[in-house]
Amino acid sequence: MIYRFFAAILLLAVSFLAPANAETDNMRWLVQAQADSAARNLANDGVRFGYTVKFISHGTQVKSKTKDANEFVLRFDPSMEKDQQWAILTPNSAENAKNYEAAQKKVTELREQHSDGMADQSLIFGKEVEDVENVTSKDSKLYFLRNEADMAIYGSPILTMGNQTGTGQRMAKKILKVMATEFSVNTSTNLIQFVRIYAKKGFKPLPIAKINKMNVLMEYAPVWEGGPLVKVNMQQDIAGSALFQKFVQRSEEIYSDFERK
């Protein structure tokens, strides 16, 4: 469920709907990046690619000092049958049974998440959240925040999600109320550089749980020269408490070895 909230927040950022004050100097990088991203996607429409992804995760229960760490590498190949597209590269069961089991669970999760067999397309900037439904906003425009070195940083509006009921609706309201999005364009290359989704302050998504820190950073780069922008790295940091136990969770996904199919 948390993933879909992140995807919903990201949906507006990648859609580039009518940038506010597009004629101003501060918005010109956004307009140029919009044109570049759209041209790349059009030129590579329908192109498939394989890739390798390394998953690294660390979790700690602070009070009990219980630690949980997993690291494994998967390979995606769109030319294979859907149930064979994901393969575990490392480790094998003899090398590290615990991490191998975690990799198997991740493969099952990814097969369910990408039942259409289009996991490669989900990495493309502007396509990765096309399946998110019922997303609306008070204002469909991005706005300039600041300059940082060779980056122009923009923000996106607060989103609301429709057709949620019960616990889902209450959680959505609590999360979206405190979430913020930052989105950057490299002013030298006019390329999308990262999207950051974070909590401005602590919040309680459920009565038994509290989130003190939530930060998700997604970095993008061309998959090959002239190719579409794809997610090459995602880092997540979450800290809080659940059932009176403090926890810290950190994870990273590193995408590499892209191969056109």
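Student: How many helices and strands are there in the protein?

Tutor: This is a predicted model, where local features need pLDDT of at least 70, side-chain atom pairs count only at pLDDT 80 or more, and totals for chains, interfaces and linings use all residues. Residues are numbered from 1 along each chain as its sequence is written, and side-chain values use heavy atoms, leaving out hydrogens and water. Helices (H or I, at least four residues) and strands (E, at least two) are DSSP runs, numbered from the N terminus. Going by that, the protein has four helices and 13 strands.

Student: Is the pair of Tyr51 and Tyr255 stacked, edge-to-face or tilted, and why?

Tutor: Rings of Phe, Tyr and Trp (its six-membered ring) pair if their centres lie within 6.5 Å; planes under 30 degrees apart are stacked, over 60 edge-to-face, and the rest tilted. The structure holds 13 aromatic pairs. Here the centres are 5.7 Å apart and the planes sit at 55°, so the pair of Tyr51 and Tyr255 is tilted.

Student: Which strands do Tyr51 and Tyr255 sit in?

Tutor: This pair links distant parts of the chain, 204 residues apart. Tyr51 is in strand β1 (residues 49-61), and Tyr255 is in strand β13 (residues 245-260).

Student: Does Tyr51 count as buried or exposed?

Tutor: Buried means under 20% relative accessible area, exposed over 50%, and partly exposed in between (1.4 Å probe, protein chains only). Tyr51 has 2% relative accessibility, so Tyr51 counts as buried.

Student: Which residue lies over the face of Trp224?

Tutor: A charge sits over a ring if NZ of Lys or CZ of Arg is within 6 Å of the ring centre and within 35 degrees of the ring normal. At 4.1 Å from the ring centre of Trp224, the residue is Arg260.
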